[in-house]
Protein chains: 2
Amino acid sequence: MIDRLIKGIKEKENPTVVGLDPTYAMMPEYLVKEMIEKHGKTPKAVAQMFLEFNKQIIDSTYDLIPAVKPQIAMYENYGLAGIETYIKTVEYAKSKGLVVIGDIKRGDIASTAAAYSSHIGITDIEGEKYDIWGADSVTLNPYMGYDAIEPFIDNCNNLDKGMFVLVKTSNPHGGQIQDLIVGKDNEKVYEKVAKLVADWGEEAMGELGYSKIGAVVGATYPEEAAQIRKLMPNTYFLVPGYGAQGADAEKLQGCFNKDGLGAIVNSSRGIIASYKSSTEFSEKEFAKASRAAVIAMKEDLQRIL
Amino acid sequence: MIDRLIKGIKEKENPTVVGLDPTYAMMPEYLVKEMIEKHGKTPKAVAQMFLEFNKQIIDSTYDLIPAVKPQIAMYENYGLAGIETYIKTVEYAKSKGLVVIGDIKRGDIASTAAAYSSHIGITDIEGEKYDIWGADSVTLNPYMGYDAIEPFIDNCNNLDKGMFVLVKTSNPHGGQIQDLIVGKDNEKVYEKVAKLVADWGEEAMGELGYSKIGAVVGATYPEEAAQIRKLMPNTYFLVPGYGAQGADAEKLQGCFNKDGLGAIVNSSRGIIASYKSSTEFSEKEFAKASRAAVIAMKEDLQRIL
């Protein structure tokens with residue numbers, strides 16, 4: 001997956017990931033009206049809005065980007081119907097040649113972690129094999145240590161899959177645990193985690209110099225990002241926080257290696273809800289607006305690459 | 001939820017939680033045969049096995065226990081059909097008066113955390129309200145700090161819900177992050193997290209002296225558990241690791257307060273798969289075996305209470 005991702009980034013000259021994190025408030029009114037008329041005020045109606053919304057955004061941007069990142073929480077919010085849309089979104093994005101990063105942030109151990117690894121794996125029922133979730137890669141939480149990561153590694157190596165483990169997140173209170181200073185080493189927790197993730201990554205190296213085990217490193221802390229970059233030169237970063245969360249391209253410089261590789265940058269609302277703050281595009285043109293937002297972001301990122 | 005839980009513990013004189021974490025390997029052969037005949041070698045078949053299995057176990061144990069804890073990963077492993085069984089299991093357990101702890105270990109921020117909070121909340125679609133997931137309480141991961149917890153607190157206070165935040169987990173590599181020693185204070189990360197969770201807990205106190213925000217504290221580290229108990233006297237512990245993971249009742253003593261309250265103890269395999277190692281019960285009597293295992297665990301725990 002990491003090699004496919006890097007090829008996509010090079011081909012499209014763009015490390016932008018579109019975050020497919022739809023919310024009800026984000027939906028264009030015409031779509032709300034149409035789906036509520038069809039399905040009532042139900043989770044099914046919202047799930048159908050999300051699916052149509054996602055498909056139009058994928059159609060409008062897939063030639064420009066290497067990957068999408070659907071945030072599963074947005075779909076879980078609408079139960080089974082929502083999760084069905086998540087799965088169909090993953091399938092649809094893959095049919096357009098995109099790498100799909102399932103933003104699931106799961107973190108558990110042993111047989112539980114093995115069960116979660118179905119997100120990037122095959123579920124076998126008496127010899128019948130099912131690719132139930134279909135993602136190319138997932139995000140994972142490291143709080144429980146290696147036991148939460150290990151069950152996913154075989155799938156990385158045998159099924160061309162990948163993962164991004166939380167290291168330093170972009171949110172205001174992320175430092176409550178991640179920035180604690182550890183013992184005599186005068187290192188912070190996130191630096192310790194960065195080193196662990198880099199170590200784990202050696203078990204799943206790709207062919208282009210990067211591991212299939214990547215790291216989530218927030219864009220809102222540029223100095224820390226640059227320092228983490230040095231700790232884990234062969235680890236790809238998934239960088240949230242661009243745009244709506246406040247980081248601009250300059251702040252991202254340290255996330256990249258000198259060859260311009262090493263990081264993908266996610267934007268969700270800033271792309272998919274861009275029509276909301278646009279004077280140029282109507283609500284029916286939300287997908288066109290998202291294309292314009294991707295192009296603007298690509299240009300912004302190219303300034304620093 | 002925490003007050004209801006405590007009342008249930010007192011009524012049943014039992015702090016045992018049955019972990020409803022079914023796996024395919026755990027299923028009795030007659031149930032495998034029946035469901036595969038009906039539904040083929042499909043996720044639907046496995047999901048139907050799990051539902052029947054769970055219902056029989058709930059029927060056979062609900063009068064003895066205050067709560068069940070379904071582990072959502074086991075159901076996610078079988079996609080939509082599996083998740084439907086998770087939801088039906090939650091509903092069924094609630095219909096028997098049990099408190100249901102959804103072991104989801106989610107951890108994300110802002111609008112994403114708000115979406116996940118539907119697990120203990122109400123999803124509103126243009127005024128129509130849906131209790132989609134139905135759990136009374138969930139488990140959460142603290143790595144991203146308060147931002148991952150805060151969106152759940154309103155539901156705790158307004159909808160009589162609760163949560164248990166990971167503090168010290170029972171798995172072998174749990175210490176990789178949790179046991180790091182922090183700065184000059186000579187405290188470990190999990191102690192810092194314990195204090196944070198206790199602080200957050202003050203925002204959601206129940207009426208019986210305990211907070212609706214509990215903590216997950218593994219049973220495999222008895223000294224640490226006793227020490228964490230002192231750090232957070234008003235926090236209920238959810239204790240995994242009893243039985244199959246190697247802890248016996250003596251190791252749990254420190255998890256409880258002097259009044260015998262303060263902790264619930266989960267056992268999954270040790271109860272629901274007990275028929276597998278039984279000479280007394282046939283596979284068709286798996287539910288009877290689980291009842292016997294609950295009674296044995298209750299007696300074991302009463303020795304220390």
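What rotation, with what shift along its axis, superposes chain B on chain A?

1. The model is predicted: local features need pLDDT of at least 70, side-chain atom pairs count only at pLDDT 80 or more, and totals for chains, interfaces and linings use all residues. Residues are numbered from 1 along each chain as its sequence is written, with chains lettered from A and ligands numbered from 1 in the order in which they are written.

2. Chain B superposes on chain A by a rotation of 180° with 0.0 Å of shift along the axis, at an RMSD of 0.0 Å (least squares on C-alpha atoms of residues with pLDDT of at least 70 in both copies). The two copies are thus related as by a two-fold rotation axis.

3. In the interface, 57 residues of chain A are in contact with 56 of chain B (C-beta atoms, placed from the backbone, within 7 Å). Helix α6 (residues 110-116) of chain B gives the most to that side of chain B, with five residues. Of the interface residues in chain B, 100% are also interface residues in chain A, so the copies meet through the same surface.

4. In chain A, eight strands close into a barrel with parallel pairing, in the order β1-β2-β3-β6-β7-β10-β11-β12 (helices, H or I, of at least four residues and strands, E, of at least two are DSSP runs numbered from the N terminus; strands pair if DSSP finds at least two bridges between them). β3 (residues 99-106) and β6 (residues 137-140) of chain A pair over three bridges, and A:Gly102 has A:Val138 as its bridge partner in β6(A).

Conventions. Two residues are in contact if their C-beta atoms, placed from the backbone, lie within 7 Å.
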